[in-house]
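Let's take a walk through this model together, one neighbourhood at a time. Keep the sequence and the 3D view open side by side as you read.

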Amino acid sequence: MSTLDTSIQELLSIEGANGAALVDISSGMALASGGNPGFDLTVAAAGNSNVVRAKLKTMADLGLDGTIEDIMITLDRQYHLINVLNTSDTSGLFVYLVLDRNTANLALARHKLNTIAQRISL
């Protein structure tokens, strides 16, 4: 298994996780994905790249320095976590993780997501 596939499997092992993808911000294409969140992960990856690009543009318009660590979207039945990767090896990528709101522990999931994201390399 490749490093990316291993990372996806680790993300899916987080309690409550039912979908994960590693996404290129500029193109919206998923480099790797897995799970079954009940919707098309490739469409979600593309849509969430628009979210990240919009936030980056807003930060630039406001003159804010720094980087995005993560973005959280809460739905009535799911949490959608976007973790922007900022190392030199992974710049321009983000991890997209879908959690079932009824079974996930959000704090623990975010902690594990950050730990796994730090190990991702291409």
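Start at P37: leaving aside neighbours within four places in sequence, P37 is in contact (heavy atoms within 4.5 Å) with N18, G19, Q78 and V98. Before going on, a word on the ground rules: residues are numbered from 1 along each chain as its sequence is written, and side-chain values use heavy atoms, with hydrogens and water left out. This is a predicted model, in which local features need pLDDT of at least 70 and side-chain atom pairs count only at pLDDT 80 or more, while totals for chains, interfaces and linings use all residues.

Back to P37, which sits in the loop between β2 and α2 (41–62); helices here are DSSP runs of H or I with at least four residues, strands are runs of E with at least two, and both are numbered from the N terminus. With a relative accessible area of 9%, P37 is buried. Buried means under 20% relative accessible area, exposed means over 50%, and partly exposed is what falls in between, using a 1.4 Å probe and protein chains only. From P37 to A20 it's 17 residues in sequence, and 8.6 Å in space, C-alpha to C-alpha.

One of the contacts of P37 leads us to Q78. Q78 belongs to strand β4 (residues 78–85) and is buried too, at 14% relative accessible area. What does the side chain of Q78 find at P37? A polar atom of that side chain lies 3.3 Å from the backbone oxygen of P37.

H80 is buried, its relative accessible area being 9%. Beyond four places in sequence, the contacts of H80 are F39, I71, M72, I73, L75, Y96, L97 and V98.

L97 is our way into the interior. This residue is found in strand β5, and at 0% relative accessibility L97 counts as buried. Its C-alpha is 8.1 Å from that of Y79, 18 residues away along the chain. Setting aside neighbours within four places, L97 is in contact with L11, I14, A17, G19, A20, Y79, H80, L81 and L113.

Which residues touch the most other members of the largest nonpolar core? Out of 21 residues, they are L11, I14, L22, L85, V95, L97 and L99. A nonpolar core, by the way, is a set of buried Ala, Val, Leu, Ile, Met, Phe, Trp, Tyr and Cys residues joined through side-chain atoms within 4.5 Å. At least two residues of this core come from each of α1 (3–12), β1 (17–24), β4, β5 (93–100) and α3 (106–119). Apart from this core lies another, of 15 residues, among them L41, V52, V84 and Y96.

Now turn to α1, whose buried residues are L4, S7, I8 and L11. They lie on the same side of α1, because they cover an arc of only 100 degrees around the axis, taken from the directions from the helix axis to the C-beta atoms. An α-helix has 3.6 residues a turn, so residues three or four places apart point the same way. The buried residues of α1 pack against β1, β2 (30–35), β5 and α3.

How do α1 and α3 run relative to each other, parallel or antiparallel? Their axes come within 10 Å and cross at roughly 175 degrees; axes are lines fitted to C-alpha atoms, for helices over the stretch in contact, and angles run from 0 to 180 degrees between N-to-C directions. The two helices are therefore roughly antiparallel, a label for angles over 145 degrees. S7, E10 and L11 of α1 meet L113, I116 and R119 of α3.

Last stop: D89, in the loop between β4 and β5. D89 is partly exposed, at 37% relative accessibility. Its side chain reaches the backbone nitrogen of L122 at 3.0 Å, and beyond four places in sequence D89 touches S121 and L122.

Key. A polar contact is a pair of N or O atoms within 3.5 Å; within protein, one must be able to donate a hydrogen and the other to accept it, and residues adjacent in sequence count only if both atoms are side-chain atoms. Angles under 35 degrees count as roughly parallel, over 145 as roughly antiparallel, 65 to 115 as roughly perpendicular and the rest as oblique.
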